[in-house]
Amino acid sequence: MTERDWRIFREDFNIQYKGSNNSLPMRNWEEGNFPREIMKAIEKAGYKKPSPIQMAAIPLGLAQRDVIGVAETGSGKTAAFVIPMLTYIMRQPPLTEVTYADGPYAVVLAPTRELAQQIEEETAKLAEFTPYKTVSIVGGQSIEEQGTKLRKGCEIVIATPYRLIDCLERSYAVLNQCNYIVLDEADRMIDLGFEPQVLGVMEAMPSTNLRPENEEDEKHDRKAIYRTTYMFSATMPMAVERLARKYLRRPIVVNIGNAGRATDNVSQRVVVCKENEKANRLEQELDLVDEKRAIVFVNTKRQCDNVYGKLDTLGYRCAVLHGGKSQEQRETSIKGFRDDTYNILIATDVAGRGIDVPDVALVINYDMPNTIEAYTHRIGRTGRAGKKGTALTFLTLSDTDVFFDLKKLLEDSKAPVPPEASTPRTHML
Ligand SMILES: Nc1ncnc2c1ncn2[C@@H]1O[C@H](COP(=O)(O)OP(=O)(O)OP(=O)(O)O)[C@@H](O)[C@H]1O
């Protein structure tokens, strides 16, 4: 293809690069030249063709370039970093009883337990035909058991930052030969105050393989191993850019679509109402959705239990997901929502990020979140993998702080803006 053809190809898939990049997008899986074990897993997963973020980011990971990936929710970011990660590991000497002691070859950090476990499932799916072991290191489970699993050795660790730092400090984990790190939902990890722990993990990795500051000093030996850092998220605030400047070497920014914009597959509706009208409206909406899957987001654990109590009494098949529940209760809720034991999940923002349950038809913001980023991630739980979805938000006079950002996002998405939500804040007060 000519340069003009490539430009048209990038425009068709809304792929934008920033940084000195000489890798071309991967138009189909065959162009990735992956080991056959990985191709077999991709075929078994039913991934007919790569999604745009995979087309752009996978070739960069294969070339061991540092990548900042910014894409809409539900666009396939997980496979976009897992596939090059597995290919990188397959290029390393197989680990043995002895060399396992130097730790894993790769680490993936995620902000929440649920997202870490979902990444572990996607990794297990894609690594099915390889001999590689993955250990999940998240809170809410016994750290001693996790230490035992780590001592047995693994190629990949998927972790939440706080628990991994705890394991490093107790010498349950070492990262002496880890040259591949992924920071998924990086903005959320910073929001949650995990920056010190993320820095601690980066510092525990060998610095000998950092790509040189200037390109001329790069080794021109194709077999050279450089540390690869992948940073992914659907929004990219300043704090994350600062982290990238500190730890990534001449990263290539891959932007698919307009970062932070709600996906086009989600039709958004906003209803302005009073707090005491929400329960009735919720019932009306759930009756319309019939037995399809719906997620109802609320802002507090108390509200979560309150809405659950109302719906359970009315006979709805519903479950709750919030930080006040035990890890076992949270896993039961997610598992039951996946296997259709429940078709309604009532959740706080712990489920808002990165949770991927197929065929969620409706997301209801029973409470409007406090930030527009949280709104974007919540509604991204529907309209995934190219399917359509609906998001309905109840807005009250106590949400005026976010009216302006919401109105702008709705206008950008060409979604209807209720007249009450478009009046200036002073008037509302
Ligand atoms: N190439 C593909 N073809 C079809 N389906 C895919 C492909 N890649 C990933 N998927 C599926 O799409 C869904 C969304 O993938 P994933 O969870 O990685 O999205 P994401 O961009 O990480 O979303 P989030 O921002 O919520 O983390 C998953 O069910 C995954 O199995």
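Q: Which domains does the lining of the largest pocket draw on?
A: In this predicted model, domain 1 (3-256) and domain 2 (266-427) each give at least three residues to that lining.

Q: What makes a residue count as lining the largest pocket, and how many residues do so?
A: A lining residue has an atom within 4 Å of a pocket point. The largest pocket has 49 such residues. Gly74, Ser75, Gly76, Arg384 and Ala385 lie nearest its centre. Helix H3 (52-62), helix H4 (77-90), helix H5 (113-126) and strand S13 (360-365) are the elements that give two or more residues to the lining. H5 gives the most, with five. The space in the pocket is about 1,400 Å³.

Q: What is the make-up of the lining of the largest pocket by class?
A: The lining has 18 charged, 16 polar and 15 nonpolar residues. Gly counts as polar.

Q: Why is Thr332 called partly exposed?
A: Its relative accessible area is 43%. Buried means under 20% and exposed means over 50%. The value for Thr332 falls in between, so Thr332 is partly exposed.

Q: How do you know that the side chain of Thr332 makes a polar contact with the backbone oxygen of Glu328?
A: A polar atom of the Thr332 side chain lies 2.8 Å from that oxygen. The cut-off is 3.5 Å. The pair is therefore a polar contact.

Q: Where is Thr332 placed, and how far is Val320 from Thr332 in space?
A: Thr332 is in helix H13 (residues 327-338). Val320 is twelve residues away in sequence and 9.5 Å away in space, C-alpha to C-alpha.

Key: Residues are numbered from 1 along each chain as its sequence is written. This is a predicted model: local features need pLDDT of at least 70, side-chain atom pairs count only at pLDDT 80 or more; totals for chains, interfaces and linings use all residues. Side-chain values use heavy atoms; hydrogens and water are left out. Helices (H or I, at least four residues) and strands (E, at least two) are DSSP runs, numbered from the N terminus. Buried means under 20% relative accessible area, exposed over 50%, partly exposed in between (1.4 Å probe, protein chains only). A polar contact is a pair of N or O atoms within 3.5 Å; within protein, one must be able to donate a hydrogen and the other to accept it, and residues adjacent in sequence count only if both atoms are side-chain atoms. On a 1 Å grid over the protein atoms alone, a cavity is a set of points where a 1.4 Å probe fits but cannot get out, and a pocket is an open set with protein on both sides within 12 Å along at least five of seven lines; lining residues have an atom within 4 Å of a point. Grid points are joined across faces, edges and corners, and a volume is the space filled by probe spheres set on the points. Domain bounds come from an automatic or database domain assignment.
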